[in-house]
Amino acid sequence: MARKILIAGNWKMNKTGAEVAQLIKDMKANCGGCCCAVADKVEVLVCPPFTTLSAVIAEAAGTPLEVGAQNIHWEDNGAFTGEISGSMLKETGVTHVIIGHSERRQYFGETDETVNKRLKAALKNGLTAIVCIGETLQERQLGVTEAIIERQVRIALSGITAEQMKNVVLAYEPVWAIGTGEVATNEQAQAVHAFVRALLGKLYACPCVAENTRILYGGSMKPGNAAGLLAQPDIDGGLIGGAALKAADFLAIIKAAM
Ligand code: PGA
């Protein structure tokens, strides 16, 4: 089974309701009739802040655009001020959720263990999870990239069955490439993606998991470098920050993926 390319926009803490509506309108107006073709070849997702999820879902109705959240709590409800649960997300109509983004690990104390708990909550609530992994610049310079990635993947996927893996996407995002303009080379990215796929082969008896799990690249993906990255055999899409905030750039990446 060929893995379908997934182009996912992570809007982070950007854009008001009026701005997201405008962005979706711009995408619809400028996609040049590509919307129908997109649905066949590429899956396209945007992940806005919680406050604009409903507006984006309404604006995206009737298009192939899917909508996801940027975080999820592991409990269904309770005394967790400021958190949002899987059942609450599900109620908004989102289909996906990003888990363990490096900004959450860096600024909000996210750990491999909480990533695993959030992943279980996402799957329990019928959401497709995009689980982020990636090494820091220091870790890369120390030559421990693979060890870090292996630890992140093993703990994140602990207790997740091969069947559940159908709803898990991994995103390799080298921390040193996020928002810095410094993109991993095609070869650097491919090497880590191949390593992750081989690791999935070790973790799951069924080879279907390694074969079918999509592994996205994230970190300064732009119209100019997307085609090269997406041409790599183990890169199955992109998780895009900055370039997803401009309709023209995001559409150019979608077209590169097609
Ligand atoms: P960037 O962000 O494309 O702006 O580097 C990617 C991400 O953080 O998901």
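Predicted model: local features only at pLDDT ≥ 70, side-chain atom pairs only at ≥ 80, totals over all residues.

Q: Start with α11 and α12: at what angle do they pack, and how far apart are their axes?
A: Helix α11 (residues 223–230) packs on helix α12 (residues 247–257) at an angle of about 25 degrees, and the axes are 9 Å apart. Angles under 35 degrees count as roughly parallel, so α11 is roughly parallel to α12.

Q: Which hand does the crossing have, left or right?
A: α11 passes α12 in a right-handed crossing.

Q: And which residues make the contact?
A: From α11 the contact takes P223, A226, A227 and L230, and from α12 it takes D249, A252, I253, A256 and A257. By class, eight of the residues in this contact are nonpolar, none is polar and one is charged.

Q: Staying with α12, which of its residues are buried?
A: The buried residues of α12 are A247, F250, L251, I253, I254 and A257.

Q: How are they arranged around the helix axis?
A: Viewed down the axis of α12, the buried residues lie within an arc of 155 degrees, so they line one face of the helix. Both I253 and A257 are among these buried residues, and both also take part in the contact with α11.

Q: Now the other pair, α8 and α9. How do their axes cross?
A: The axes of helix α8 (residues 145–156) and helix α9 (residues 186–203) cross at roughly 45 degrees and come within 11 Å. The two helices are therefore oblique to each other, and their crossing is right-handed.

Q: What does each helix contribute there?
A: α8 contributes T145, E146, I149, E150, V153 and R154, while α9 contributes V192, F195, V196, L199 and L203.

Q: How does that contact divide by residue class?
A: The contact of α8 with α9 has seven nonpolar residues, one polar and three charged.

Q: Change of topic: where does V97 sit, and is it buried or exposed?
A: V97 belongs to strand β4 (residues 96–99). Its relative accessible area is 0%; buried means under 20%, so V97 is buried.

Q: What does V97 touch, leaving out residues up to four places away in sequence?
A: With those residues left out, V97 touches A69, Q70, N71, I72, L89, A122, L127, T128, A129 and I130.

Q: And how far is V97 from L6?
A: In sequence V97 and L6 are 91 residues apart, and in space they are 13 Å apart, C-alpha to C-alpha.

Note on methods: Residues numbered from 1 in each chain as written. Heavy atoms only, no water. Axes fitted to C-alpha atoms, helices over the stretch in contact; angles between N-to-C directions. Helix = DSSP H or I, 4+ residues; strand = E, 2+ residues; numbered from the N terminus. Parallel < 35°, antiparallel > 145°, perpendicular 65-115°, else oblique. Left-handed = near helix turned anticlockwise from the far one by under 90°. Contact = heavy atoms within 4.5 Å. Nonpolar A, V, L, I, M, F, W, Y, C, P; charged D, E, K, R; others polar. Buried < 20%, exposed > 50% of the residue type's maximum accessible area, 1.4 Å probe, protein only. Arc of directions from axis to C-beta.
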